[in-house]
Amino acid sequence: LMFGHAKGSFTGAIENKKGFFEEADGGTIFLDEIGELPLNMQVKLLRVLQEKHITRVGDNREIPVNVRVISATHVDLEDAVREKRFREDLYFRIQVLPLELPPLRDRGQDVVLLAENFIQRYGAEYGRGKFHLSRNAEKALLGYHWPGNVRELENRIQKGLVQAVHGVIQPKDLGLDDMQMQAKASPRTLKEAREA
């Protein structure tokens with residue numbers, strides 16, 4: 001997939017197939033969860049980044065590629081390098097401009113903003129009309145620890161849109177009804193905190 005293949009290189013290879021790097025030539029390729037890449041693929045990726053060419057499977061011809069690489073991972077790559085699970089030379093090749101995004105649980109009100117965005121997007125996609133979060137649902141979202149990060153939030157919002165009635169998403173629709181009792185005890189705004 002990453003480097004493509006040549007016609008006849010294996011059973012079913014009935015034509016030449018461009019890989020992701022060849023398709024991205026002159027542009028950008030995003031490599032998600034690069035920290036999970038097996039060591040043998042890390043060697044191949046490093047070679048592409050250093051030499052700026054690929055070789056399709058079953059071919060010996062080098063194809064030049066000019067690609068900007070953006071990668072993401074949840075793995076601490078420095079730890080992975082120390083533990084020999086990630087190649088140090090590849091780490092230094094991809095670590096040109098690191099950006100660290102805090103987990104969803106540490107982003108405060110962003111949880112609600114992202115949830116509202118997902119409600120708008122999937123509400124339109126599902127043809128469900130206008131929906132909004134109840135106040136208790138907002139509190140439950142803010143009180144939850146989000147082990148699955150934004151993907152989990154997106155999944156819970158999709159679930160909530162399917163289960164909600166009367167255009168209002170409640171904690172139970174999100175599968176967060178056990179958070180509702182905890183959420184009721186915590187203030188939502190500065191004004192509520194002062195009053196409490």
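In the predicted model examined here, Arg151 and Asp32 are joined by a salt bridge in which the closest N and O atoms are 2.9 Å apart. Arg151 belongs to helix H7, whereas Asp32 sits in the loop between strand S1 (28-31) and H2, so the pair ties together parts that are 119 residues apart in sequence. The two partners fall into separate classes of accessibility: Arg151 has a relative accessible area of 56% and is therefore exposed, since the cut-off for that class is over 50%, while Asp32, with a relative accessible area of 38%, is partly exposed.

The count of salt bridges in the model comes to 10, and two further examples can be described. In one of them, the side chains of Arg61 and Asp59 meet with an N to O distance of 3.6 Å. Arg61 is partly exposed, with a relative accessible area of 45%, and Asp59 likewise counts as partly exposed, at 22% relative accessibility. In the other, Asp173 is paired with Lys172, and the closest N and O atoms of this salt bridge are 3.5 Å apart. Asp173 has a relative accessible area of 3%, and because buried means under 20%, this residue is placed in the buried class.

The largest pocket holds about 1,700 Å³ of space, and its lining is made up of 41 residues, among which Ser71, Ala72, Thr73, Leu99 and Glu100 lie nearest the centre of the pocket. Two or more lining residues are given by each of helix H2 (39-51), strand S4 (68-71), helix H3 (77-82), H4 and helix H7 (149-163). Of the contributions to this lining, the largest share comes from S4, which gives four residues. When the lining of the largest pocket is divided by class, 23 residues are nonpolar, seven are polar and 11 are charged.

Leu99, one of the residues nearest the centre of the largest pocket, lies in the loop between helix H4 (88-94) and helix H5 (110-126). At 75% relative accessibility, Leu99 counts as exposed. Together with Val96 and Leu97, Leu99 forms a nonpolar patch on the surface, and the accessible area of these three residues together is about 410 Å². Val96 is also found in the loop between H4 and H5, and its relative accessibility of 69% places Val96 among the exposed residues.

Val96 and Gln120 are 24 residues apart along the chain, and their C-alpha atoms are separated by 36 Å. A further pair is formed by Phe92 and Leu114, which are 22 residues apart in sequence and 33 Å apart in space, C-alpha to C-alpha. Phe92 lies in helix H4 and, with a relative accessibility of 53%, counts as exposed. For Glu22 and Ile63, by contrast, a sequence separation of 41 residues goes with a C-alpha distance of 7.9 Å. Glu22 is part of helix H1 (residues 20-23), and its relative accessible area of 12% makes Glu22 a buried residue.

Two residues other than glycine have backbone phi angles with positive values. For Trp146, phi is near 50°; this residue lies in the loop between helix H6 (135-143) and H7, and at 0% relative accessibility Trp146 counts as buried. For Asn149, phi is about 55°, again a positive value in a residue that is not a glycine. With a relative accessible area of 30%, Asn149 is partly exposed, whereas Trp146 is buried.

Key:
Residues numbered from 1 in each chain as written. Predicted model: local features only at pLDDT ≥ 70, side-chain atom pairs only at ≥ 80, totals over all residues. Heavy atoms only, no water. Patch = residues over 30% accessible without salt bridge, like charges linked within 9 Å, V, L, I, M, F, W, Y side chains within 5 Å. Areas by Shrake-Rupley, 256 points an atom, 1.4 Å probe, with all protein chains shown as cover. Salt bridge = Lys/Arg side-chain N within 4 Å of Asp/Glu carboxyl O. Buried < 20%, exposed > 50% of the residue type's maximum accessible area, 1.4 Å probe, protein only. 1 Å grid on protein atoms, 1.4 Å probe; cavity = no way out; pocket = protein on both sides within 12 Å on 5 of 7 lines; lining within 4 Å. Points joined across faces, edges and corners; volume = space filled by probe spheres on them. Nonpolar A, V, L, I, M, F, W, Y, C, P; charged D, E, K, R; others polar.
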